[in-house]
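The sequence and the structure come first, and the description follows.

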Amino acid sequence: MKKLSIVVLAAGLGSRMKSALPKPLHKIGGKPMLEHVLESARQLNPDRLIVVYGHRGEELQAAFAHHEDITWAKQETFEGTGDAMKYALPYTIEDSTVLVLYGDTPLINAETLEELVNNAERTRLNWLISTFDNPTGYGRIIRDHNNHMIAIIEEKDANEAQKQIKEINTGIFAVCQKFLTEALPQIDNNNQQEEYYLTDIAKLAANNEITIHTFNEAPELIQGVNDRVQLATLERYYQKEMAKKLMLNGVTIDDPESLTIRGKIQNDLDCHIEPNVILEGNIVLGKNVTIRTGSVLRDVVIADNTTIHPYSVIEMASIGKNADIGPFARIRENTKLGDNTRIGNFVETKNTTLGNGSKAGHLTYLGDATIGEGSNIGAGTITCNYDGANKYPTIIGDHAFIGSNSSLVAPLKVGNHAATAAGSIVPKDVKDHELVRNKLEVIHVENWEQPHKEK
Ligand code: UD1
Ligand code: CA
């Protein structure tokens with residue numbers, strides 16, 4: 001078997017993005033475009049994976065520093081795709097098959113690439129093309145009277161007749177390394193943009209009696225991203241595909257167009273997702289989980305029959321069965337909510353465990369708290385866990401009743417079946433079956449009238 005070198009061109013200026021970020025770092029589905037390309041490339045088990053970088057290359061390299069299989073090639077000049085390839089060539093394996101990919105064409109799929117690579121030989125060059133209703137901006141495929149592909153003409157160099165051609169260049173092709181080595185130095189920059197076009201390889205191949213075989217791919221999968229309009233088009237296409245997978249896996253999605261997935265979702269039977277939900281990281285959903293509108297979840301495990309009510313934000317948390325969360329809940333990192341728990345509106349939790357059947361229904365902050373089973377946390381309760389320098393724990397037992405507006409001054413323990421009265425400030429531990437209330441004087445002023453504004 002011939003060896004395989006894959007070259008990803010990712011050094012372009014990406015100026016049409018109007019961005020300080022290198023173009024390959026712009027994200028689709030929460031993942032840099034370059035990462036999508038690399039994931040597909042790796043499925044072919046290349047013997048070498050070369051990324052050509054240049055513009056803000058340090059940033060690009062830093063973002064991919066953990067990808068140890070990448071051979072980085074630096075493009076010192078910025079004179080087009082043909083120029084970029086010159087910097088990659090020394091790293092390609094001698095006599096290998098070279099597959100060229102672009103860093104701004106993220107949705108290319110591995111099966112298509114397999115086909116391209118499998119039969120690229122000395123006498124044939126395999127080119128991936130597509131047919132676009134509106135081909136504006138893409139290089140066009142030129143064929144001879146026998147319908148053989150013989151060249152690519154860039155939009156800027158095309159005449160009116162050529163601009164009518166709907167067959168376009170995806171930029172992706174597989175070629176034998178030997179021919180590439182011979183052909184690259186022959187590419188010139190006699191064109192509108194005064195750039196070295198890698199696409200001129202096609203013309204050189206045809207002139208050397210190498211047959212160019214074209215392979216077709218669906219337009220959606222090979223769209224390039226040059227500007228943010230194209231980025232959004234691809235993002236939505238990708239999201240629709242993700243939503244489709246989920247629906248085919250048994251999730252009811254009210255509005256697939258408005259769901260955003262930036263990670264991996266596992267689901268059991270009969271989950272339901274309402275419009276405008278964002279799911280990030282690793283999300284695991286049990287049976288019958290409902291995520292209502294406007295909720296944003298990242299790295300969350302949710303057990304059976306739990307409902308996340310509208311506009312809840314949940315990250316790095318696990319939630320038990322039959323729980324009811326939100327609306328407007330904010331569940332933060334390292335929160336563990338047991339079965340049959342209830343978290344209501346404007347409740348924030350962080351580093352907190354809530355035992356089975358416990359509830360915090362309204363307007364509460366629970367930080368560094370461990371709460372047992374069947375306890376009720378009244379409205380407006382605050383764990384005062386921070387003294388400005390350090391954080392302290394609050395431990396509440398089973399079946400405790402924390403009255404509304406209690407300030408629990410940590411470190412603090414509240415026992416089983418203990419209670420705090422409404423409005424209590426609780427600086428000292430409360431024993432089992434003990435009630436605390438603050439000594440306070442309630443003054444009634446009689447015959448009081450609301451002040452009136454002078455006319
Ligand atoms: C290119 C093709 C065009 C094709 C289209 C498909 C050429 C000359 N044109 O046009 O035929 O239809 O892609 O999307 O190849 N790059 C470098 N160094 C450079 C210039 C570019 O590494 O000096 C990289 C870019 O980072 C990008 C890729 O090459 O990933 C394509 O460059 P871009 O400028 O986007 O080319 P297009 O105008 O889209
Ligand atoms: Ca492009």
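In which helix is I201 found? I201 is found in helix 7, where helices (H or I, at least four residues) and strands (E, at least two) are DSSP runs, numbered from the N terminus. At 0% relative accessibility, I201 counts as buried. Buried means under 20% relative accessible area, exposed over 50%, and partly exposed in between (1.4 Å probe, protein chains only). Leaving aside neighbours within four places in sequence, I201 is in contact with L125, W127, F173, F179, L180, A183 and I187; contact means heavy atoms within 4.5 Å. I201 and Q186 are 15 residues apart in sequence, and their C-alpha atoms are 8.9 Å apart in space.

**Basis of the description**

This is a predicted model, in which local features need pLDDT of at least 70, side-chain atom pairs count only at pLDDT 80 or more, and totals for chains, interfaces and linings use all residues. Residues are numbered from 1 along each chain as its sequence is written, chains are lettered from A and ligands numbered from 1 in the order in which they are written, and side-chain values use heavy atoms, with hydrogens and water left out.

**The chain as a whole**

The protein chain contains 9 helices and 35 strands. Its C-alpha trace spans about 100 × 65 × 45 Å along the principal axes. The radius of gyration is 31 Å, whereas a compact globule of 455 residues would have a value near 23 Å. This radius is taken over C-alpha atoms, and the globule rule is 2.2 Å times the number of residues to the power 0.38.

Of the 455 residues, 50% count as buried. Among contacts between residues at least 6 apart in sequence, 40% join residues at least 24 apart. The chain exposes about 22,300 Å², of which carbon and sulfur atoms supply 48%; accessible areas come from the Shrake-Rupley method with a 1.4 Å probe, and for residues only the protein chains shown count as cover.

There are 46 positive and 60 negative side chains, and the centres of the two sets lie 4 Å apart. Lys and Arg count as positive and Asp and Glu as negative, while His and the chain ends are not counted. The place of a charge is taken as NZ of Lys, CZ of Arg, CG of Asp or CD of Glu.

**The calcium site**

The calcium ion (ligand 2) is coordinated by D104 (OD) and N226 (OD1), at 2.2 to 2.3 Å. D104 lies in the loop between strand 6 (97-102) and helix 4 (110-118), and N226 in the loop between helix 8 (219-222) and helix 9 (228-248), so the pair ties together parts that are 122 residues apart in sequence. Donors are N, O and S atoms within 2.8 Å of the metal (3.2 Å for Na, K and Ca); water is not among the atoms, so sites may look incomplete. D104 is buried, with a relative accessible area of 14%, and N226 counts as buried at 19%.

**Helix 1 and two further residues**

Helix 1 (residues 33-42) is largely enclosed by the rest of the structure, because 8 of its 10 residues are buried. Among these buried residues are M33, L34, H36 and V37.

E154 is placed in the loop between strand 9 (149-153) and helix 5 (160-163), and counts as buried at 17% relative accessibility. Beyond its neighbours within four places in sequence, E154 is in contact with G139, Y197 and T199. The C-alpha atoms of E154 and L408 are separated by 70 Å, and the two residues are 254 apart along the chain.

T370 belongs to strand 26 (residues 369-371) and is partly exposed, with a relative accessible area of 41%. T370 and T353 are 17 residues apart in sequence and 4.8 Å apart in space, C-alpha to C-alpha. With neighbours within four places in sequence left aside, the contacts of T370 are T353, T394, I395 and I396.

**Backbone features**

Most residues other than glycine have a negative phi, and most peptide bonds are trans. The table lists departures from these patterns.

| Site | Feature | Angle |
|---|---|---|
| G326 and P327 | cis peptide bond | omega about 5 degrees |
| A410 and P411 | cis peptide bond | omega about 0 degrees |
| E194 | positive phi | phi near 50 degrees |
| D270 | positive phi | phi about 60 degrees |

P327 is in the loop between strand 20 (324-325) and strand 21 (330-331), and P411 in the loop between strand 31 (407-409) and strand 32 (412-414). E194 is exposed, with a relative accessible area of 58%, and D270 is exposed at 51%.
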